[in-house]
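This briefing is meant for someone meeting the structure for the first time. Please keep the sequence and the model at hand while reading the points below.

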Amino acid sequence: MVPKALLPWWIMAEFSQKRGKQRDDDPLSSAVDFLLANARLVLGVGGAAVLGIATLAVKRLIDRATSPPDKDDVKAEQKSIEESWQELNLLKASTRPQPKQRRDDLNQLQPSSDQVPRTPEPEPPGDPVAVTVSKLSPSPPTPLCLTLQERLLMYYQNRVVVSESDVTLAKQLAGDIAYELQNFLRGKFPELPFGDLSPSSTLYDGLEAVAADRTCLLVPLVLEPNLWSFIPGEDTIANDPYYWVIRRTQLEYFPRGSSPWDRFIVGGYLSSSVILEVLRKVLVGSINWPAIGSMLDCIIRPGVASEELLLEVQHDHLELRIVIFPTAGSEDRTLLAKPQEGLLENLWQQDFYQAEVSKLHELDSADSGARRLCLRLLQGICRHHPALNRLSVSHLAQVILHLSETETDWAPDSLADRFQQAIIELIGYLEEGSLPCYFNQHINLFGSLHEEEIDDMGFALYNVVMAPELLL
């Protein structure tokens, strides 16, 4: 056995201090003593020191768990462990003997102090990005950020423009279906004077956006001018200028039955809901759409679950939705039969689409402006955004028309500025919950929207008002 004097002195001192107090007949203590006594032969001085400190720590944990703690002993233990670690660090930090030089190394000439190459001084720290750019390219860097104008034009080309082939195909399908439906209605109701069915949508006015997937068919009702009169909504019980009633007149001279449209009268007024119901039955149950679709090389399905008179058309890669609206009115007024509820059930809604398109075309032709381009951009954004898809082309066109009253510079170079202003104007209308009609300030075009929908749209636009490129 190796004498205890060969062990590190700090371990021996630790053992001598605690031997009388902690040493007993426990076989664990004997085993620890034997292990520490022989550690230096196997592990060397440094290894024995580490093993000794670790073993002491384990023994003290065991003693502490089996005996009540003594405050003086605890403080002494902590101080002893700290001193042991300090001495161990000094031992490791001591210099090791330098290896002897070989004879060959001694024979080599040592360079003088003048011949020793100097280490180049480090350059002062600078901007790492600027240093990297200067090393890669001596020319000034090109800007990586696009302007809003460039982003808008890129978005327009990539996500708004519709291929001419799709537009042509959609217009062809809508025209063929309108022709077939017109022939069927005239054969089914020869006594009812229907006018020529005409498609009407952005497809026919160069304002289509994103996809050629929707259009509408207008079914004109030819009314006798001397038997029917148009009364604005503010003069009715509904008190809404957006809706009109068509009243049957001169019943004392021309009793009911004098007009073929008398069969659709409810309470002395031509009912839009009754006409819609009759046409719905015809579309769903009377017309052989599979045969017409086979002839036109497409699939046509009537929208059974839709409140509107809807036809769903599928042709290869193109899907087209056609909404059918019975219409009445005069040269300066177009009224549509749309599904309504409550007091508006039998009323006719005034349509401003053709007036909006004509006015935009007139303004752009006068100053070569970009109003219609701005409208198509707004359409594309609203169609791609889940919270904004309730905004129709009519809503957006009205915003641009209002903005044109105060802003005269609509040059293509000012597209980005006008686009931002249009968003700000739209936010203002949504905050008020009212969008006045450009052609009749008493009409609120947001009247058919729910309050939750208006709040969602306003919140979506408000979040990007300072960074409109986030919408792109």
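The second largest cavity holds about 50 Å³ of space, where a cavity is, on a 1 Å grid over the protein atoms alone, a set of points at which a 1.4 Å probe fits but cannot get out, and a volume is the space filled by probe spheres set on points that are joined across faces, edges and corners. The model is a predicted one, in which local features need pLDDT of at least 70 and side-chain atom pairs count only at pLDDT 80 or more, while totals for chains, interfaces and linings use all residues. Residues are numbered from 1 along each chain as its sequence is written, and side-chain values use heavy atoms, with hydrogens and water left out.

**The second largest cavity**

- A search of the whole structure finds 6 cavities of 30 Å³ or more.
- The lining of the second largest cavity, meaning residues with an atom within 4 Å of a point, consists of L378, I381, C382, L388, L396, I423, L426, L461 and L471.
- Two or more lining residues come from each of helix 12 (371-384) and helix 14 (415-432), helices being DSSP runs of H or I with at least four residues and strands being runs of E with at least two, numbered from the N terminus.
- Helix 12 gives the most to this lining, with 3 residues.
- The lining divides into 9 nonpolar residues, no polar and no charged ones, where Ala, Val, Leu, Ile, Met, Phe, Trp, Tyr, Cys and Pro count as nonpolar, Asp, Glu, Lys and Arg as charged, and the others, Gly among them, as polar.

**Helix 13 against helix 14**

- Two packed helices are described by the angle between their axes and the distance between the axes.
- The axes of helix 13 (residues 393-406) and helix 14 come within 10 Å and cross at roughly 110 degrees, the axes being lines fitted to C-alpha atoms over the stretch in contact and the angles running from 0 to 180 degrees between N-to-C directions.
- Helix 13 is therefore roughly perpendicular to helix 14, a label for angles of 65 to 115 degrees, whereas angles under 35 count as roughly parallel, over 145 as roughly antiparallel and the rest as oblique.
- From helix 13, the residues L396, V399, H402 and L403 meet R418, Q421, A422, E425, L426 and Y429 of helix 14, contact meaning heavy atoms within 4.5 Å.
- The residues of this contact divide into 6 nonpolar, 2 polar and 2 charged.

**Residues around P220**

- T327, found in strand 9 (residues 318-330), is buried because its relative accessible area is 9%, buried meaning under 20%, exposed over 50% and partly exposed in between, with a 1.4 Å probe and protein chains only.
- Leaving out residues up to four places away in sequence, T327 touches L218, V219, P220, L221, L335, L336 and W348.
- L197, in the loop between helix 8 and strand 1, is likewise buried, with a relative accessible area of 10%.
- L197 touches A178, L181, Q182, L218, V219 and P220, again not counting residues up to four places away in sequence, and the C-alpha atoms of L197 and P220, 23 residues apart in sequence, are 6.7 Å apart in space.
- P193 lies in the loop between helix 8 (164-188) and strand 1 (198-199) and is partly exposed, with a relative accessible area of 29%.
- Not counting residues up to four places away in sequence, P193 touches P220, L221, V222, P260 and W261, and P193 and L223, 30 residues apart in sequence, are 8.0 Å apart from C-alpha to C-alpha.

**Positive phi angles in loops**

- Q250, in the loop between strand 4 (243-248) and strand 5 (265-266), has a positive phi of about 55 degrees although it is not a glycine, and at 34% relative accessibility Q250 counts as partly exposed.
- D316, in the loop between strand 8 (309-315) and strand 9, has a positive phi of about 50 degrees without being a glycine, and D316 is exposed, with a relative accessible area of 64%.

**The chain as a whole**

- The chain has 15 helices and 11 strands, and buried residues make up 40% of its 472 residues.
- Among contacts in the chain with a separation of 6 or more, 62% are between residues 24 or more positions apart.
- L153, in helix 7 (residues 148-160), is partly exposed, with a relative accessible area of 38%, and the C-alpha atoms of L153 and L415, 262 residues apart along the chain, are separated by 9.2 Å.

Technical notes. 1 Å grid on protein atoms, 1.4 Å probe; cavity = no way out; pocket = protein on both sides within 12 Å on 5 of 7 lines; lining within 4 Å.
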